[in-house]
Amino acid sequence: LGETLVSDVIETIKIAKNDDSIKYLLLDFDDFIGGSPSKLKTIANAIDDFKLSEKKVIAYSSIGYGMNSYYLASHADEIHMHDYSQVIIEGYRSYRTYYKSFFEKFFIDANVFKVGKFKAFVEPYFRDSMSDEAKGNIIEWMSVLWNNYLSEVSIARNINIDTFKNYIDSLDVILKENNGDTGLAALNSGLIDKLTNKREFRDYLFSLSGDQEDD
């Protein structure tokens, strides 16, 4: 699948908002790969603007929700999920490849000119692991992103932020409380509204539209 331009998504949502023949907005995440936080935020704003039309926004996934898809789904009026799926919020992470030992093995020299006390960008050429300074820098900006994510999703979904954090941090405990059923764990924690298979969800959409199914 190719990438979809954010501008195209925004324009489509705007058109749907003002089209009287469109009765609801469906967010289908089965083929959704993800996007950067800034792009997801832009789309979320468009979804919130669409809701001003008083048309319903419905999210569905038959494969479950990850961090990016759930961020957008939280802005829907209803979140549906296949009963065999799950909601997994994995958090942010950062990886780098370090070359020091590789360079030494193949007698490669790296010559870098830098100004200032600390430049993490060139660390991979002279180290085999991340320095404490670089780690601290990454944790600092990543913590801002993470706190924003928790806050924005909790507000959009209208759930307590501590409840949301508990689901993420203690999913193993919550699964035990729900007999290992990942769908029920998400439902009973308030992260989704209904567990439905594809056929049931299709029937639900037809009931909303008021139309009759024709093959």
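Reader: Which element gives the largest share of the lining of the largest pocket?
Author: This is a predicted model, where local features need pLDDT of at least 70, side-chain atom pairs count only at pLDDT 80 or more, and totals for chains, interfaces and linings use all residues. Numbering runs from 1 along each chain as its sequence is written, and side-chain values use heavy atoms, without hydrogens and water. α1, β1 and α2 each give two or more residues to this lining (helices are DSSP runs of H or I, at least four residues; strands of E, at least two; numbered from the N terminus). The largest share, six residues, comes from α1.

Reader: How many residues line the largest pocket?
Author: A pocket is an open set of points on a 1 Å grid over the protein atoms alone, with protein on both sides within 12 Å along at least five of seven lines; lining residues have an atom within 4 Å of a point. T4, V9, F32, G34 and I43 lie nearest the centre of this pocket. The lining count is 27.

Reader: Which residues of α2 are buried?
Author: Buried means under 20% relative accessible area (1.4 Å probe, protein chains only). In α2, that picks out L40, I43, A44, A46, I47 and F50.

Reader: Which elements do they pack against?
Author: Contact means heavy atoms within 4.5 Å. The partners of the buried α2 residues are α1 (6–18), β1 (24–28), β2 (56–61) and α3 (67–73).

Note on methods
Buried < 20%, exposed > 50% of the residue type's maximum accessible area, 1.4 Å probe, protein only. 1 Å grid on protein atoms, 1.4 Å probe; cavity = no way out; pocket = protein on both sides within 12 Å on 5 of 7 lines; lining within 4 Å.
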